[in-house]
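Give the cut-offs behind each term as it comes up.

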Amino acid sequence: MSAGYAVGVIGATGAVGREFLQVMEERRFPVRELRLWASPRSRGKQIEFNGKPYTVEALEDAVYEGLDFVLISASGDISRAEAPRVAQSGALAIDDSSAFRYDDDVPLVVPEVNAEDIAWHKGIVAIPNCSTTPIVQVLAPLHAVNPLRRIIADTYQSVSGAGGRAMGELAEQTAAQARGETPAVDPDVFPHVIASNLIPSIDSPRDDGYSKEEWKVWAESRKIMHIPDLAVSATCVRVPVFRAHSAAVHAEFSEPFDADEARTMLEDVPGVQVVDDLAGEQYPMPSDASGNDTTWVGRIRQDMSHPNGLVFWVVSDNLRKGAATNSIQIAEAAIANRWLKQAQPA
Ligand code: A2P
């Protein structure tokens, strides 16, 4: 058998799916065999990887035996159906959906924060929602020195978080507005015009007045950072930006946190880059984060409304660190630490 790993991608034609391939190429992930799956509409399409064409297969024909990893980013229903089959076949499913994130026997992982949780997987590892990832990357190292009590996070999420069709919708609506026309709305993408607008509703509504996306920030930050009683409140907003999610985060710690000390600490955190000079108009923006794997943080300041509070602004590319890169890093950590095979019951 030649060196490398047998990798499958479910949703290979999608916004995140294509990014999986791009990130594997860039990181020289050792791929010995590659299988690509999407809907029957894409059957027979060719996608290049490392200069070689691969044919997309319809997911309904998928067999996972013989694979080492299957990267999944299609829909929650597809993950629910396919990830257990992947695990059953002996491969590791790395899943971008929310289908398994809250299951007690599925690790939810941002490798810079809790890579060791991969060790107890039973065939499925979930990655967090793309707005949670950068928030915990910044908060976890601060929490390690001054325990976190509460976070209030307001997110500004790009349309690519809703998939390739949503990016097309923003482009078409923006062009229509530039022509002086009223943009058409595809209700299957967003319920309102997104061009020149903000939509304070992402994912489904909940009975408690929060959206499911806001609930995800609550549940996922607790699970990833292992702080089961962390108080979290989020407001998630869709903004007319193609790529990269931003968040304004107000964090309350057990003791006062000096902003300069926090800034200095964050300068040494792998994967995080501090850009913080308000007077010089230097702060992270989606245009800085788009297309790269860095989580950018700035506007770090003491919260004038709370003695133990710290405020910051964080930006990262939702398709890369928020999805594809995080997944590939999990695969790399599983290989490096020999966590590929499922943990056996004690
Ligand atoms: P397809 O391109 O054939 O529709 P995005 O997040 O950008 O919307 O991409 C969603 C991904 O999920 C695409 O690769 C899409 O394939 C795939 N997908 C959607 N529906 C199905 C399905 N029923 N079976 C398999 N893959 C699907």
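Gln273 stands opposite Trp296, a residue of strand β12. This pair belongs to the contact between β11 (residues 272-274) and β12 (residues 295-302), two parallel strands joined by three bridges. Strands count as paired if DSSP finds at least two bridges between them. The model is a predicted one, in which local features need pLDDT of at least 70 and side-chain atom pairs count only at pLDDT 80 or more, while totals for chains, interfaces and linings use all residues. Residues are numbered from 1 along each chain as its sequence is written, and side-chain values use heavy atoms, with hydrogens and water left out.

Strand β12 also pairs with β13 (residues 309-316), here in the antiparallel sense and over five bridges. Within that pairing, Gln302 has Leu310 of β13 as its bridge partner.

The next topic is the largest pocket, which holds about 1,500 Å³ of space. Of its 50 lining residues, Ala74, Ser75, Gly161, Ala162 and Gly163 are the closest to the centre. Two or more lining residues come from each of α1 (15-26), α2 (76-88), α5 (164-178), α6 (212-225) and α9 (320-336). Helix α2 gives the most, with four residues. By class, the lining has 16 nonpolar, 21 polar and 13 charged residues. In this scheme Ala, Val, Leu, Ile, Met, Phe, Trp, Tyr, Cys and Pro are nonpolar, Asp, Glu, Lys and Arg are charged, and the others, Gly among them, are polar. A pocket is an open set of points on a 1 Å grid over the protein atoms alone, where a 1.4 Å probe fits and protein lies on both sides within 12 Å along at least five of seven lines; lining residues have an atom within 4 Å of a point. Grid points are joined across faces, edges and corners, and the volume is the space filled by probe spheres set on the points.

Asn129 sits in the loop between β7 (124-126) and α4 (132-145). Its relative accessible area is 5%, so Asn129 is buried. Buried means under 20% relative accessible area, exposed over 50%, and partly exposed in between, with a 1.4 Å probe and protein chains only. Leaving out residues up to four places away in sequence, Asn129 touches Arg101, Glu213, Lys216 and Glu220, where contact means heavy atoms within 4.5 Å.

Two backbone angles remain. Most residues other than glycine have a negative phi. Ser196, not a glycine, has a positive phi of about 55 degrees, and Asp203 has a positive phi near 65 degrees. Ser196 is found in the loop between α5 and α6, and Asp203 is found in the loop between α5 and α6 as well. Ser196 counts as exposed because its relative accessibility is 65%, whereas Asp203, at 39%, counts as partly exposed.
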